[in-house]
Amino acid sequence: MKICIICPSFPPKVCGIGDYTYKLARELTKSDIEVVIISGEDCGIKEKSSNSKNPRVLSTIKDWSFKHVSKIFKILKAEKPDIIHIQYQNNLYQSKQMINFLPLYLRFFIKSKIIITLHELQHPRLLPFTNLFSKLNIFSMLFFSHKIIVTSEMQYARIPGFCGLKSKS
């Protein structure tokens, strides 16, 4: 099995979500799962080779705007992952909207399962979904994902009612 994790931040850059992603990737590789990290250029690593117990890190995305979708697609088509796991926190992606619509594009062009982990969804721009544009962004991301992981009880309680999603334990 192969999993591509998309997370703009990754060690040595200091970031809690990047550190979490690193630990997740290391644990997955211990279970003989191949892991590729797609990360931001500013992480200081261009490509870190993997051995059997380390993830491969591709720090190649300059910014997270729509103009770089083709670069992400090229990587995903070459890697052919079974799962694409997006670590989401709006500020990580420079508040660019591309990441919100990436699951929609992936569902049509890449045949991998899509998982979103929502970190800090309680950001004021996102909850309580105050304007139509915010709702569209979040709806696109959640609706076109196969699975959604939340990091707090508050997120868990609020997400199912949004856009008619059903709660799963």
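The chain has five helices and seven strands, where helices (H or I, at least four residues) and strands (E, at least two) are DSSP runs numbered from the N terminus. Read from the N terminus on, the elements follow the order β-α-β-β-β-α-β-α-β-α-β-α. The model is a predicted one, in which local features need pLDDT of at least 70 and side-chain atom pairs count only at pLDDT 80 or more, while totals for chains, interfaces and linings use all residues. Residues are numbered from 1 along each chain as its sequence is written, and side-chain values use heavy atoms, with hydrogens and water left out.

Of the 169 residues of the chain, 50% count as buried. Here buried means under 20% relative accessible area, exposed means over 50%, and partly exposed lies in between (1.4 Å probe, protein chains only).

Strand β1 runs parallel to strand β2 (residues 34–40), and five bridges join the two; two strands pair if DSSP finds at least two bridges between them. Within this pairing, Lys2 has Glu34 of β2 as its bridge partner.

Lys2 and Glu34 also meet through their side chains. They form a salt bridge in which the closest N and O atoms are 3.7 Å apart. Lys2 lies in strand β1 and Glu34 in strand β2, so this contact ties together parts that are 32 residues apart in sequence. The term salt bridge denotes a side-chain nitrogen of Lys or Arg within 4 Å of a carboxyl oxygen of Asp or Glu. The two residues may also be described by their accessibility: Lys2 is buried, with a relative accessible area of 13%, and Glu34 counts as partly exposed at 39%.

From Glu34 the description passes to Arg56. These residues form a salt bridge as well, with the closest N and O atoms 3.8 Å apart. Arg56 lies in strand β4 (residues 56–61) and Glu34 in strand β2, so the pair ties together parts that are 22 residues apart in sequence. Arg56 counts as buried, at 17% relative accessibility. Taken together, Lys2, Glu34, Arg56 and Glu79 are linked in a network of salt bridges. A search of the whole structure finds five salt bridges.

Helix α1 comes next. Arg26 has its place in this helix, which comprises residues 16–30, and it counts as partly exposed at 26% relative accessibility. The C-alpha atoms of Arg26 and Asn54 are separated by 6.0 Å, although the two residues are 28 residues apart along the chain.

Asp32, found in the loop between α1 and β2, has a positive phi of about 60° although it is not a glycine. At 61% relative accessibility, Asp32 counts as exposed. Lys80, whose place is in the loop between α2 and β5 (83–88), has a positive phi of about 50° and is likewise not a glycine. Lys80 counts as exposed, at 66% relative accessibility.

Arg107, Lys111, Lys113 and Lys147 form a positive surface patch. Patches are made of residues with over 30% relative accessible area and no salt bridge; like charges are joined within 9 Å, and nonpolar side chains (Val, Leu, Ile, Met, Phe, Trp, Tyr) within 5 Å. Lys and Arg count as positive and Asp and Glu as negative, while His and the chain ends are not counted. Arg107 counts as partly exposed, at 33% relative accessibility.

Note on methods. Accessible areas come from the Shrake-Rupley method with a 1.4 Å probe; for residues, only the protein chains shown count as cover. The place of a charge is taken as NZ of Lys, CZ of Arg, CG of Asp or CD of Glu.
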